[in-house]
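Let's take a walk through a protein together, one stop at a time. Have a look at the sequence and the model first, and then read on.

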Amino acid sequence: MAKKTLRIGTRASQLALWQANWVQSELEKRYPDLEVTQTRIKTQGDKILDVPLAMVGGKGLFVKEIEEAMLRGEIDVAVHSMKDVPTIFPKGLSLRCITEREDPRDIIILKPGFKSFLDLPQGARIGTSSLRRKAQLLHLRPDFQMIDIRGNVETRIRKLTEDDLDGVVLAAAGMNRLGFAGQISEYLSIDVSLPAIGQGALGLESRTDDTEINTLIDFFNHPATAWAVKGERAVLRRLEGGCQVPIGAYGLVEGDQLTLTGLVSSIDGQQYLKKTLTCAAVDAEKTGISLADDLLIKGAGKILNEVYQHETFNQNREEV
């Protein structure tokens, strides 16, 4: 009898490979007779490195090519950072599992001599690829100069020196997973920088009708994280936003209760809406929709329309 094989699809970045390797290791520990392989796939988001993400446009910048490979039957399971996963899936594919969350916070690495971003001088230069991070920091420090940076974690850390920046903002989860936690200057509280939807969690996507594979990977699902992320993604879906717009949401499940916070901001951080709701965890999706509706009533739609008209989204779009 042929040995059962499970084929993982992943991006080839250092962090993506860490994630895929972790999933492979967990599968091999649980199923010693299972042969697990990896296929590295380059996505559109990996190919375009000289343009800010918001200018690239579209959804699924880091997942589309992987999903296409799964639909062709070339891989069985895709491992994604949940913050990169669109809220709508191609027919025949679904999000099967959401893993236990790593630290969801953003962090900042500062130029030597500083301990907090609040201590930085007027006009300090901060590097980030995220409009969400940019908007929230500008809300607190409108004097900051926000500098667009792209690349993997190591590349962005290097830019602190190479681009003469005063700080760079990254996700704590990636820093921790790659062993760079010692370089973190400050963890930004949820109140200061609300995380991206799904930040810190991994998602396992598979073919909906592949019962055998789905049964093998079900143990990865972490119910508390799954409920929290479900609520966050409901906010995003209702607001019709992508992962590159200044929208944030974070859910925390304690016992059977979910506390869910959502945020919409203008790029400069001056128009800033935030709302928190508490509900039973099982009502995560319904509450996420309600939270988004509350933000829309308060003017989130107008703010987002202005964001989409901003030059950040339209400049160089044809060239991309």
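A residue counts as buried when its relative accessible area is under 20%, as exposed when that value is over 50%, and as partly exposed in between. With that in hand, look at Asp106 and Arg133: both of them are buried. Keep in mind as you read that this is a predicted model.

Let's take in the whole protein before going further. The protein contains 12 helices and 13 strands. It has 320 residues, and 54% of them count as buried. Now think about contacts between residues at least 6 apart in sequence: 70% of these join residues at least 24 apart.

Next come the charged pairs. Side chains of opposite charge can pair when their charged atoms come close. How many salt bridges does a search of the whole structure find? The search turns up 24.

One of them joins Asp76 to Arg7, with 2.9 Å between the closest N and O atoms. Asp76 sits in the loop between helix H4 (64–71) and strand S3 (77–81), while Arg7 belongs to strand S1 (residues 5–10), so this pair ties together parts that are 69 residues apart in sequence. Is Asp76 buried or exposed? Asp76 counts as buried because its relative accessibility is 6%, under the 20% limit. Arg7, at 26% relative accessibility, counts as partly exposed.

Asp106 and Arg133 form a salt bridge through their side chains, at 3.0 Å from N to O. Asp106 is in strand S5 (residues 106–110) and Arg133 is in helix H5 (residues 131–140), so the two link distant parts of the chain, 27 residues apart. A further salt bridge is made by the side chains of Lys111 and Asp164, at 3.5 Å from N to O. Lys111 lies in the loop between S5 and strand S6 (125–128), and Asp164 lies in the loop between helix H6 (153–162) and strand S8 (167–171), so parts that are 53 residues apart in sequence are tied together by this pair. Lys111 counts as partly exposed, at 27% relative accessibility. Asp164 is partly exposed as well, with a relative accessible area of 49%.

Our next stop is empty space. Rolling a probe the size of a water molecule over the atoms shows where such space is left. The second largest pocket has a volume of about 250 Å³. Its lining is made of 13 residues, and Leu95, Ile98, Ala226, Lys230 and Arg233 lie nearest its centre. Strand S4 (93–98) and helix H9 (223–239) are the elements that give two or more residues to this lining. Which element gives the most to the lining of the second largest pocket? That element is H9, with 5 residues. By type, the lining residues of the second largest pocket divide into 6 nonpolar, 2 polar and 5 charged.

Let's stay with H9 for a moment. H9 has 17 residues and reaches 24 Å from its first C-alpha to its last, close to the 24 Å expected at 1.5 Å a residue. Its buried residues include Ala226, Glu232, Arg233 and Leu236. The buried residues of H9 pack against S4, strand S11 (247–254), strand S12 (257–265), helix H10 (284–297) and helix H11 (300–309). After H9 comes Glu240, whose phi is positive, near 55 degrees.

Ile197 is found in the loop between strand S9 (186–188) and strand S10 (202–207). Ile197 is buried, because its relative accessible area is 7%, and the limit for buried is under 20%. Leaving aside neighbours within four places in sequence, Ile197 is in contact with residues including Glu232, Arg233 and Leu236. The contacts of Ile197 also include Met82, Lys83 and Ile247. Ile197 and Pro104 are 93 residues apart in sequence, and their C-alpha atoms are 9.6 Å apart in space.

Our last stop is Val264, which is in strand S12. Val264 counts as buried, because its relative accessibility is 0%. Beyond its neighbours within four places in sequence, Val264 is in contact with Leu239, Ile247, Tyr272, Leu295 and Ile303, among others. One of these, Leu295, is 31 residues from Val264 along the chain, and the C-alpha atoms of the two are separated by 7.6 Å.

Terms used. Residues numbered from 1 in each chain as written. Predicted model: local features only at pLDDT ≥ 70, side-chain atom pairs only at ≥ 80, totals over all residues. Heavy atoms only, no water. Helix = DSSP H or I, 4+ residues; strand = E, 2+ residues; numbered from the N terminus. Buried < 20%, exposed > 50% of the residue type's maximum accessible area, 1.4 Å probe, protein only. Contact = heavy atoms within 4.5 Å. 1 Å grid on protein atoms, 1.4 Å probe; cavity = no way out; pocket = protein on both sides within 12 Å on 5 of 7 lines; lining within 4 Å. Points joined across faces, edges and corners; volume = space filled by probe spheres on them. Nonpolar A, V, L, I, M, F, W, Y, C, P; charged D, E, K, R; others polar. Expected span 1.5 Å × (residues − 1). Salt bridge = Lys/Arg side-chain N within 4 Å of Asp/Glu carboxyl O.
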